[in-house]
Amino acid sequence: MMKKLILLCILTLSSFGIDIMVGAAQSDQYLPLLQGKKVALVVNQSSQVNGEHLVDQLLRHHIKVVKIFAPEHGFRGHADAGELIKNGKDRQTGLPIISLYGKHKKPTQKDLKGVDIILFDIQDVGVRFYTYLSTLHYVMEAAATNKIPMIVLDRPNPNGARVDGEILNYRYKSFVGMHPVPILYGMTIGEYANMINGEGWLKGDLKTDLTVIPLRNYRHDKAYYLPIKPSPNLPNELAIFLYPSLALFEGTSFSVGRGTNMQFQVYGDPHYQGGYFSFIPYAQEGAKHPKHEKQICHGVDLRSTYINLHQGLDLSYLIDAYKHDPNKKRFFLKNLFFDKLAGSDHLRKQIEAGLTEAQIKQSWEDGLHQFKQIREHYLLYP
């Protein structure tokens with residue numbers, strides 16, 4: 001009995017990726033590439049190595065870090081989604097911080113003056129509209145333009161076994177979707193960087209002098225527990241799993257729990273007429289002005305949802321919400337942000353026309369088949 005219990009514990013720990021080694025933990029692979037060079041970092045709060053921030057580790061190894069580039073949510077990861085982040089200095093190290101969000105999304109020649117190499121280490125969640133992908137694109141483009149080599153320290157994709165969604169139409173290209181990939185693309189940040197390079201997606205067909213420090217002991221279908229929240233409103237594994245389906249609500253009148261402790265685990269609206277659950281959003285860190293602040297939102301609680309690592313997008317939530325909204329003309333926001341998130345206007349029109357989830361997903365099949373063939377060229381892991 002004891003042997004069976006020990007085996008069960010081992011299997012449970014293994015399923016959460018305890019034995020996976022991230023790129024940042026393999027200092028022997030990248031420190032020699034940084035010795036004697038002026039290094040710029042693209043990092044945030046997720047850039048940890050065994051509980052120590054990558055910045056602190058590099059300084060401890062006497063690497064000359066000259067500046068930090070910070071993506072959406074900032075270097076320490078406390079800012080709201082979409083919040084303007086100002087340049088400044090890191091209080092702990094005194095290093096200058098340059099924001100790569102808002103109007104200044106790409107490092108300029110001035111930003112990169114004196115930089116010999118760029119090191120990128122940010123935890124992704126495997127979803128097209130998660131903006132760290134766009135930051136990766138612009139940093140690669142700036143590196144290629146200024147002929148500066150770049151290293152990406154790879155990290156696992158917690159949605160790595162899932163490939164689903166419509167392929168983005170370039171007419172809907174934006175900071176929440178820059179490439180012709182589905183919402184769930186099933187690649188690590190390092191694999192994705194190689195695809196950006198290999199597919200010629202950088203401006204003017206530029207190619208970055210790119211090195212990816214790969215993961216050890218990783219598979220795309222292996223569950224991985226993130227030790228740190230990748231962003232303020234993704235507090236746990238369930239939220240990360242539901243995020244690709246529920247984030248589409250950001251382009252609608254419905255709340256997804258920002259301003260509560262159930263972010264991306266619920267959805268609701270003051271006018272929803274389909275259930276008995278309710279919640280009230282309040283201003284808090286990471287959600288200073290949440291949708292429907294201080295209003296009772298009626299909706300659905302998904303906190304008991306079973307996590308299936310291979311399950312695709314779940315459109316039933318959107319279809320349900322639209323069905324139970326008494327004023328459907330207000331459901332999709334007038335700015336049509338929904339179309340940018342979805343990658344085209346097809347999904348919005350399909351929901352308005354009353355198509356079923358199966359019918360909608362059938363329309364994605366050809367695009368997904370073609371993408372999977374392209375994706376295969378860039379996979380580093382089984």
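Q: Which residues make the nonpolar surface patch of about 270 Å²?
A: In this predicted model, Ile 280, Tyr 282 and Ile 296 make that patch. Ile 296 sits in the loop that runs between strand E13 (277-279) and strand E14 (297-301).

Q: Does Ile 296 count as buried, partly exposed or exposed, and why?
A: The idea is to compare relative accessibility with two cut-offs: under 20% is buried, over 50% is exposed, and what lies in between is partly exposed. Ile 296 has 46% relative accessibility, so it counts as partly exposed.

Q: Now to the helices. How do I read which side of helix H2 (residues 27-34) is buried?
A: Start with the general idea: an α-helix has 3.6 residues a turn, so residues three or four places apart point the same way. In H2, the buried residues are Tyr 30, Leu 31 and Leu 34. Looking down the axis of H2, you find them within an arc of 110 degrees, so they line one face of the helix.

Q: What covers the buried residues of H2, and what does the face turned away carry?
A: The cover includes strands E1, E7, E8 and E11 together with helix H3 (54-60). Turned away from the buried side is a face with the exposed residues Asp 28 and Pro 32. Just after H2 comes Gly 36, with a positive phi of about 75 degrees.

Q: How do I check the span of helix H4 (residues 132-145)?
A: Take 1.5 Å a residue: the 14 residues of H4 should then span 20 Å, and its end C-alpha atoms are 20 Å apart, which agrees. Following H4, Lys 147 also takes a positive phi, here of about 55 degrees.

Q: Is H4 largely enclosed or largely open, and why?
A: Count its buried residues: 12 of the 14 are buried, so H4 is largely enclosed by the rest of the structure. Among them are Tyr 132, His 137, Met 140 and Glu 141. The buried residues of H4 pack against strands E1 (38-43), E7 (117-121), E8 (150-153), E10 (184-185) and E11 (210-213), and against helix H5 (189-198).

Q: Last, a loop residue. Is Pro 156 buried or exposed?
A: Pro 156 belongs to the loop between E8 and strand E9 (163-164). Its relative accessibility is 1%, so it counts as buried.

Q: What is Pro 156 in contact with, apart from its neighbours within four places in sequence?
A: Its contacts are Ile 20, Val 22, Gln 123, Asp 124, Thr 188, Leu 215, Tyr 218 and Tyr 224.

Note on methods: Residues are numbered from 1 along each chain as its sequence is written. This is a predicted model: local features need pLDDT of at least 70, side-chain atom pairs count only at pLDDT 80 or more; totals for chains, interfaces and linings use all residues. Side-chain values use heavy atoms; hydrogens and water are left out. Helices (H or I, at least four residues) and strands (E, at least two) are DSSP runs, numbered from the N terminus. The expected span of a helix is 1.5 Å times one less than its number of residues. Buried means under 20% relative accessible area, exposed over 50%, partly exposed in between (1.4 Å probe, protein chains only). Contact means heavy atoms within 4.5 Å. Patches are made of residues with over 30% relative accessible area and no salt bridge: like charges are joined within 9 Å, nonpolar side chains (Val, Leu, Ile, Met, Phe, Trp, Tyr) within 5 Å. Accessible areas come from the Shrake-Rupley method with a 1.4 Å probe; for residues, only the protein chains shown count as cover. A salt bridge is a side-chain nitrogen of Lys or Arg within 4 Å of a carboxyl oxygen of Asp or Glu. The arc is that of the directions from the helix axis to the C-beta atoms.
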